[in-house]
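Please keep the sequence and the 3D view open while going through the numbered points.

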Amino acid sequence: MKKLLMVLVALALVFAIAGCNKAPVKPKIGVAIYKFDDTFMSYVRNQIEAAAKDKIELSVQDSQYDQPKQNDQVDQFLTQGATALAINLVDPSAVSVIMDKAKAKKIPLVLFNREPDAADMAKWDKVYYVGAKAQQSGTMQGEIVVAYWKAHPEADLNKDGKLQYVMLMGDPSNTDAKFRTEFSIKAVEDAGIKTEKLAEDTAMWDRVKAQEKMAAFLTANKGKIEVVFANNDDMGLGAIEALKAAGYFKGKKYMPVVSVDATPPALDALEQGTLLGTVLNDAVKQGQATYDLAFALATGAKEIKSDVAPLAKADGTVDPTGKYIWVPYVKVTKENYKDFKK
Ligand code: GAL
Ligand code: CA
């Protein structure tokens with residue numbers, strides 16, 4: 001009996017040790033955000049943190065709009081033994097530096113939201129991108145304005161048949177800023193409406209900067225502005241502040257403002273009737289897909305995938321060998337904004 005017990009104890013020990021040896025190392029993912037002080041990115045970050053909670057070791061760093069700083073953060077992640085990286089680039093055109101660092105250590109890299117060139121993406125097979133097609137968001141903004149313009153002949157203030165507009169841009173070298181600016185106006189023109197740009201300037205995705213720019217636009221173009229396009233909600237909301245200060249949204253004085261993101265404050269503005277429309281930039285899905293890919297790569301999973309959306313090519317074609325996850329945009333107006341309120 002005693003012998004049997006001893007054998008059993010020995011066996012248990014053997015199994016315990018074998019089990020220990022097999023215990024997987026906790027995956028370690030290093031995340032850098034181009035700057036924490038960006039409303040939309042803070043929602044993406046929240047989702048990554050929520051998804052990672054208790055599952056992996058996660059380090060999230062603020063790159064403070066400083067590419068050299070972000071490069072140092074990547075060095076640190078690599079020295080600390082990260083098994084995958086998820087990077088929201090400060091300067092997407094400088095991706096090669098980070099890619100070379102990751103490649104040298106054979107640590108896979110997921111880039112998200114600030115899109116690098118497809119040519120750079122093609123340089124390594126262990127680099128992925130999660131984001132949304134900026135062109136699509138621009139087109140949707142344009143479509144919202146077209147519907148409004150057609151339903152409201154009084155919107156053409158000077159009755160010249162042309163739509164006079166101002167444009168508030170994000171950082172001008174950024175893909176989202178470029179394509180939203182271009183494709184919003186293209187959609188208006190494609191609908192047969194002539195446009196005239198009164199002013200265009202960058203407000204760096206920032207609410208306060210946009211408020212200042214919009215105040216200046218209003219002074220320089222008294223009574224001439226018919227529509228305000230903003231590359232994101234924060235800038236749209238800043239413009240609305242400036243418009244309110246100039247007496248808009250009282251009585252009959254109205255200005256159509258369109259933006260992108262569908263953040264909670266933008267949904268409130270839609271409810272209040274100050275914001276005409278926005279486009280959902282899905283922070284939850286982007287954050288989740290970024291985490292899913294980084295986790296799969298960090299753990300050497302056989303299949304690199306996310307349930308959010310399938311892998312695709314740069315052009316959007318669904319393809320299991322693709323390195324992109326494209327999260328779709330959704331048009332948000334007063335008809336459907338309630339569906340997006342949490
Ligand atoms: C965009 C988003 C903006 C801002 C920007 C940063 O996708 O709409 O609000 O976060 O990314 O690059
Ligand atoms: Ca006009």
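This is a predicted model: local features need pLDDT of at least 70, side-chain atom pairs count only at pLDDT 80 or more; totals for chains, interfaces and linings use all residues.

1. Ligand 1 has the following residues around it: Tyr-34, Asp-38, Phe-40, Asn-113, Arg-114, Asn-174, Asp-176, Arg-180, Trp-205, Asn-232, Asp-261 and Asn-281.

2. The side chain of Arg-114 places an N or O atom 2.8 Å from an oxygen atom of the ligand. For Asn-232, the corresponding distance from a side-chain N or O atom to a ligand oxygen is 2.9 Å. For Asn-113, a polar side-chain atom is found 3.1 Å from an oxygen atom of ligand 1. Taken alone, ligand 1 exposes 310 Å², and the protein buries 100% of that area. The space that ligand 1 takes up is the largest cavity.

3. Asp-261, one of the residues surrounding ligand 1, belongs to the loop between strand E9 (257–258) and helix H10 (264–272). Is Asp-261 buried or exposed? Its relative accessibility is 6%, so it counts as buried, the limit for that class being under 20%. Asp-261 and Val-279 are 18 residues apart in sequence, while their C-alpha atoms are 5.5 Å apart in space.

4. Gln-164 counts as buried because its relative accessibility is 3%. Glu-226 is likewise buried, with a relative accessible area of 2%.

5. Lys-159 lies in the loop between helix H6 (134–151) and E6. Its phi is near 55°, a positive value in a residue other than glycine. At 58% relative accessibility, Lys-159 counts as exposed, since that class begins over 50%.

6. Tyr-65 also has a positive phi, of about 55°, although it is not a glycine. This residue is found in the loop between strand E2 (57–62) and H3. With a relative accessibility of 38%, Tyr-65 counts as partly exposed.

7. Gln-70 is placed in helix H3 (residues 67–79). Its relative accessibility is 0%, so it counts as buried. What does the side chain of Gln-70 reach at 2.9 Å? It reaches the backbone oxygen of Asn-88.

8. Asp-91 is in the loop between strand E3 (84–87) and helix H4 (95–104). It has a relative accessible area of 30% and is therefore partly exposed. The side chain of Asp-91 makes a polar contact of 2.8 Å with the side chain of Ser-93. Asp-91 and Glu-115 are 24 residues apart along the chain, and 9.3 Å separates their C-alpha atoms.

9. Thr-290 lies in helix H11 (residues 283–298) and counts as buried, at 1% relative accessibility. Thr-290 and Ala-210 are 80 residues apart in sequence, with their C-alpha atoms 29 Å apart in space.

10. The protein has 342 residues, of which 51% count as buried. Along its principal axes, the C-alpha trace spans about 100 × 40 × 35 Å.

Notes
Residues are numbered from 1 along each chain as its sequence is written. Chains are lettered from A and ligands numbered from 1 in the order in which they are written. Side-chain values use heavy atoms; hydrogens and water are left out. Buried means under 20% relative accessible area, exposed over 50%, partly exposed in between (1.4 Å probe, protein chains only). A residue is near a molecule or strand if one of its heavy atoms lies within 4 Å of it. A polar contact is a pair of N or O atoms within 3.5 Å; within protein, one must be able to donate a hydrogen and the other to accept it, and residues adjacent in sequence count only if both atoms are side-chain atoms. Accessible areas come from the Shrake-Rupley method with a 1.4 Å probe; for residues, only the protein chains shown count as cover. On a 1 Å grid over the protein atoms alone, a cavity is a set of points where a 1.4 Å probe fits but cannot get out, and a pocket is an open set with protein on both sides within 12 Å along at least five of seven lines; lining residues have an atom within 4 Å of a point. A molecule sits in a cavity or pocket if more than half of its atoms lie within 2 Å of its grid points. Helices (H or I, at least four residues) and strands (E, at least two) are DSSP runs, numbered from the N terminus.
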